[in-house]
Structure formats: C-alpha cells, structure tokens
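Welcome! Please take a moment to look over the sequence and the model below, and then we can walk through a few of its features together.

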Amino acid sequence: MSDTRRRVKVYTLNEDRQWDDRGTGHVSSTYVEELKGMSLLVRAESDGSLLLESKINPNTAYQKQQDTLIVWSEAENYDLALSFQEKAGCDEIWEKICQVQGKDPSVEVTQDLIDESEEERFEEMPETSHLIDLPTCELNKLEEIADLVTSVLSSPIRREKLALALENEGYIKKLLQLFQACENLENTEGLHHLYEIIRGILFLNKATLFEVMFSDECIMDVVGCLEYDPALAQPKRHREFLTKTAKFKEVIPITDSELRQKIHQTYRVQYIQDIILPTPSVFEENFLSTLTSFIFFNKVEIVSMLQEDEKFLSEVFAQLTDEATDDDKRRELVNFFKEFCAFSQTLQPQNRDAFFKTLAKLGILPALEIVMGMDDLQVRSAATDIFSYLVEFSPSMVREFVMQEAQQSDDDILLINVVIEQMICDTDPELGGAVQLMGLLRTLIDPENMLATTNKTEKSEFLNFFYNHCMHVLTAPLLTNTSEDKCEKDFFLKHYRYSWSFVCTPSHSHSHSTPSSSISQDNIVGSNKNNTICPGALRFMRRIIGLKDEFYNRYITKGNLFEPVINALLDNGTRYNLLNSAVIELFEFIRVEDIKSLTAHIVENFYKALESIEYVQTFKGLKTKYEQEKDRQNQKLNSNRFRRDAKALEEDEEMWFNEDEEEEGKVIVAPVEKSKPEDDFPDNYEKFMETKKAKESEDKENLPKRTSPGGFKFTFSHSASAANGTNSKSVVAQTTPATSNGSSSKTTNLATSVTATKGSLVGLVDYPDDEEEDEEEETSPRKRPRLGS
C-alpha cells in the first residue's frame, strides 16, 4: 500500500485567480543535479510521470496554511500549492523546506513577502524591529488599533508584520471579547471601530488568521463585528439569519463530525465573502485571494469526503427513488444533490469526471427520471438543475443512458421524453424552465459534440433514436394546434410537416425516402387562391439553409422546396413588405455565402422566372456566381482532358503505323465499365442525344478531328439538360482502328466521358450517392416545376 502521508494534489493559480488541479501524486524532497539543489518532486500516482519539479530556493517565501497546505510563488504571477492528504506529510515536507532555508519549522511563513518597490524602500530605511508593536487590547484603544490596521493595508511588508503580531499574541480572540463587551454596553462607537478592525484583518489575506477567525469559537463574533458598518444607520442582522433563518438539514445523518464542521464553516465563510463584505475596490481586489482559496479547498475536501462515503450516497439514492418517501423528504434529498453538484463545479475536469461517474454508477439518471415527472415545482426545478450539470459535463453519458433505456421502456416514460414534456407543459408565464430545458435538449441533439469512433458513430445512432422515439413527442403540440383551423392553415400544416420530414429524417443516412416534390394546385402559394406563405415555414427554411449543411441542401433540391417560396415572391408582385424582404434575404444569403449546390439549382430551374426582378441585384448575382463556377469547372475538366488525350493520341498513332493494312468505314464505340445495370444505358443515351441536339450550339466543345483513313474522330460534349430535369451519362468516343488481315479488328479505347448533368457541372467522380439519386429520378421522374406568371 502506498504511503498516504506523502499523497498530494498539485495546484496552480490561473489568471482568473482560481486554482487549477494539475494532478494527484506523491511528493518527495531530494537533491536534483540539474537544478543544483534540494527540490520538491511530485510523481503522478497513475503512471509515475513527473507532475512537479521545483527547487527549494533560499529566498522564496513558502506559506503553510490550514495544516495541510503549502503555498509559494515560483515566479511573478505563478503561484503553486501542495494539498496534502494528511497533516503528518505536510509537516515532514515543511521541515525539509525550513531546513534548506535555515528557518524554525514552527513559523507559518519562511520569508517576508516584499515586492520590488517595497524592498528598495526597505533597504534605505534604518534598522527596524521585526514585529509591529500593538496597542493594548482595551476599549479606549480601539480607535488607535483601527487606525493602525487601516494604515498598513497599502504596504505588503507592514501587512505581513502586522499579521505575525496578531497571530503571536492571540490578539484576535481578545478583540472579540471586547466586541461582546461593547454590545452589552451598547457602545456604538466602539462597535464601529471593531468593524474597521475586523474588516482590515480580513484584508491582510492571511490563512493562519482565517483559521482563528473562522473557527467555531470565533466565527459568529466575527460576523457580529461586521454587522456594525458605520455607513449604515442600523446594523444588519447577519447572525440572526445564520442561526435562525438558514437551517442546516441533514437529509441523511452525517456521522463524520469533521465533515459536518467543514460544511458549516464553508457556508458561513461563503456568506461572509458574498453577502457581508462590500465589493472590493480595484486596489482591494487581491486582498481576499486567500479567502477565495480557503473556500475553494474546503469545497474540494467536502466533495471528496462525501464521494468516498459510498454508504452515505447509496442511502440517499435509495430514499430518493423509494415510493414510500414522502414529498418533503424527497424535496430535501433533491436539494442536497443540487448543492452537491454545485460544489463539484470547483473541481478540475479529471476530478469532476470521477465525481459524475460515481453519481452515474449509483443511478442518478434513473432517479432524475422519477423526480422530474413529479408535481412539486421546487423538486422539478432542482432536478432540472442537476440534469443540466450532467448534460454540460457529458452529453454522451446522457445519450448512452437514454438509448439503453429505450430497449426496456416505452417511449412515453423515457427520460428525454420527460424532459420534452416538461418543456412543453411549463406553466411559468416567462417560460424560464422551458428555456433552460430547450437549451439542454439542443445540447443533446447537437451533432457537433457527438463522438465518432472506429466501432460506432454516436451521431447516426442517437439521431436515429431521437427521430424514432422522441420526435413525435416534440412535434405533437405543434401539429395538433395547426390542424384545428384547416380552412386557413391547411397549407401551413402540410408545408410544415413537409419541411419537418426532411429535417427529422436521419440526415446522414442515404437510405431515407424522398418526399414527394409535387404540390397540388390547391396548395401552391401563388395559385389563384388567397393563400399566403406562413412566416413560420419561411423562417424555418431560412434557418435550415443557414446551417450550410449539404445533406439538407440536397434534400431541399430533391424536394424542390424553393418552388413555393419563389411562387410566393412572384405572387407578391411589386409590393414591398416583410414577405418580399424575407425571401430576398434568403436568396441574398445563398449568394453571399456562395452555396454552390443551391445556386446551381435556383439558376437552372427558376432563373427565367426571376430574371425580370431588377430592383435588387440578388438574382443577377446568383447567375454570375453560377456562370463563374461553371467556367471554372469547364477549365479544370478541359485541362485534365487535354493531358489525357495527348497521351492517348501518341499511343494510337504508334499502333496505327505498326499496322499493315487499314480498314475504313467502321465506327466503334469504346466500351465502358458500368456499375449500373446494362439496361440503364440506352435510356440515358437517348435522353442525352435529345438534349444534345437541342443544346448543341451552346453547350458542346469539339476537339480537332482527323477523318483520313486510319485516323480518329473524338467528340466531347457536356449537356445542360438540368433545366428540364433529365440526367444523362453518355459515352461519345469514336475511333477508326486499322486491321492487319481485313477479317478482324482491334478496338482502341481512346477516351471515355461520363457526363453528369446535375447543376450543368461536369462530374469528375461518379459517387454512389449520385447513382442512387439517378435511379430514383429515372424510375419516378420529377414534375416540371410550376412557376408563377
């Protein structure tokens, strides 16, 4: 078993004056050759790696705090701390440090804390005494004591000397005895002086003084002194609040007296810092850094002690989930866990990881599922706060739980569906709880924080789960409300359901069905009926396009979802209203963000209907973007094509000159390997030839042709057939090879061209997904889009 006396945590103070946990290990003091001196070494208990290597410098000020802490500064603005598990280990290392520096181990600070400017002034001063002489602790000396304490705050060296004097003479307890006398005598002036004195002592920022002031014996008198602020007409009643109003409830009896005392102390010190003490000025903000550290380490210790007591936590969970537990008791248990989780936020990531794993192991998520469905508003609110801590810490842990839960429970009682129902049924007029739950739900379904490993993809697994088990719960109120007024909102209902169909289908699955792109005449926005596009649907589509996700973009183009939007714009005519502005902004966003797939779809299918709109340059700009991208793709393709054909030409001519005889008049189409069935080719070829004839003058490029005997003829063309919704894959390669004996011929495969007409861009790669789309469109051709006149 390892030596727990030397077990420590290493902390560093960050820029926000918060302590960062650097790891847990075992400390030793040894001579390090590289550093040329005795040094403190901390090796990690997990893997033995070096967490800390720090030379014990003779002039560094080391401070011993709370019996188990050693704090020092390595360099300017770089503070370190060792938190020992046992006091004995802290004492051993402290003795080593004092031995190197030649100090008595009984001291709490090995060196005077002097900044640069103070050190220069101190060197110029004559010999001064080591400690400040304190006035006698009497009622008639309170004003003098208050002036002394206030005067030293601007001088680091004098603050340190005063702190040592107060500590050595047991002065604080004497001051608190005078406080009791002043209260009994109703000596208001003396009470005002004591307020200044105690406040000044807190600003000395000395851990050894805090230990005295925050002990059970003294802390309430310290709070009493701070009630008598001279700036207030009447004293505050902080002691009354702490003793009567604030009740400490043990949901499960705490048998460890040290833990109970630590909880009481931390609460009261936090109250002093947050409530009693005024907000420090710019010059005072660093005076309470040690007080912040005092609270921080107390919280760390409390969480660690509770976490290690598995019997205590197991009993808490047992009562929380027991149906026999009354509502008042359950409310106390939930509030305890809420405070417990709040304390855990002081821990560093690795410690929080262990903390939440402990809670998960004990069954925190099943317990939350029970209490979040209760009628008690306070219990639900506290449970929501606990759930938020868990989601913020590890969304993946929550996702894994709800997916496993779905295998054993009905959809209605799943934890995530309970969350959705609470969000929908929030009775708060300001929807405070609903907004909080909405944020948590968004975190859970956000693909950006989902894990992808070699064995599984959380993104596809959880989204599939959510769409299958939860989406109907989320959309039920919306669909119910919109279906009530069928006469006026029939289109909105269908369009919204239609829109949700492509959002709610697993976006990363290529096996989903395509929603029908046809919209009946009765439901077209822009028909002769007095229908108007619903701004809920338009905003929704704008949000989806704003994601700039090609999965959604492809779904939009396949579903022809721009048709009702453009019809609405055209039917709106020249009216300058919110609908006009919203639609123009949608297309302007596509232009500015240069979303190529949507730009190509809009220009190829709708530009003729939009080119007459000239009061904005949006649509002309889209056409320009489209043509620029088309030219760029053509140049790229031609460059690749010419390089390939030059090589093929050389090979062909070499073979031609090697042949003895020529055979003329034969034209052979070069064979091509196809991944699709053979019977698909004729249909595509016919479509290609029809389109080719119609568009030949503007969409065809011809390379130089040789038509002499034994020569070759190569024609490359790309089609612009996307305007009428046809796709074609064609092979256009002709060659006239020579034969040696006139009875047989050799076929030279010079070039193969696969033309993809989607977006009028040449597809250099034939993707499997595109083949699936082609198959769907060939078996069920899309209707020609209807545009408003």
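## Before we start

Helix axes are lines fitted to C-alpha atoms over the stretch in contact, and angles run from 0 to 180 degrees between N-to-C directions. Helices (H or I, at least four residues) and strands (E, at least two) are DSSP runs, numbered from the N terminus.

This is a predicted model, in which local features need pLDDT of at least 70, side-chain atom pairs count only at pLDDT 80 or more, and totals for chains, interfaces and linings use all residues. Residues are numbered from 1 along each chain as its sequence is written, and side-chain values use heavy atoms, with hydrogens and water left out.

## Two helix pairs

Let us begin with helix H25 (residues 562-571) and helix H26 (residues 578-593), whose axes come within 10 Å and cross at roughly 130 degrees. H25 and H26 are therefore oblique to each other; angles under 35 degrees count as roughly parallel, over 145 as roughly antiparallel, 65 to 115 as roughly perpendicular and the rest as oblique. Residues in contact (heavy atoms within 4.5 Å) include Phe562 and Val565 from H25, with Leu579 and Asn580 among those from H26.

The other pair is helix H12 (residues 310-321) with helix H13 (residues 327-344): their axes lie 9 Å apart, at an angle of about 135 degrees. That makes H12 oblique to H13. On the H12 side, Phe312, Leu313 and Val316 are among the contact residues, and on the H13 side they include Phe336, Phe337 and Phe340.

Arg6 sits in the segment before strand E1 (7-13). With 19% relative accessibility, Arg6 counts as buried, a word that means under 20% relative accessible area, with exposed over 50% and partly exposed in between (1.4 Å probe, protein chains only).

The side chains of Arg6 and Glu92 are joined by a polar contact of 2.8 Å. Such a contact is a pair of N or O atoms within 3.5 Å; within protein, one must be able to donate a hydrogen and the other to accept it, and residues adjacent in sequence count only if both atoms are side-chain atoms. Leaving aside residues up to four places away in sequence, Arg6 also touches Gly25, His26, Val27, Ser28 and Ile93.

## Cysteines and Asn417

How many disulfides are there, taking a disulfide as a pair of cysteine sulfur atoms within 2.5 Å? The count is 0. For Cys225, the nearest cysteine sulfur belongs to Cys182, 8.7 Å away. Cys225 is buried at 1% relative accessible area, and Cys341 is buried at 0%.

Asn417, in helix H18 (residues 415-424), is buried as well, at 0%. Asn417 and Met471 are 54 residues apart in sequence, with their C-alpha atoms 9.1 Å apart in space.

How values were computed:
A disulfide is a pair of cysteine sulfur atoms within 2.5 Å.
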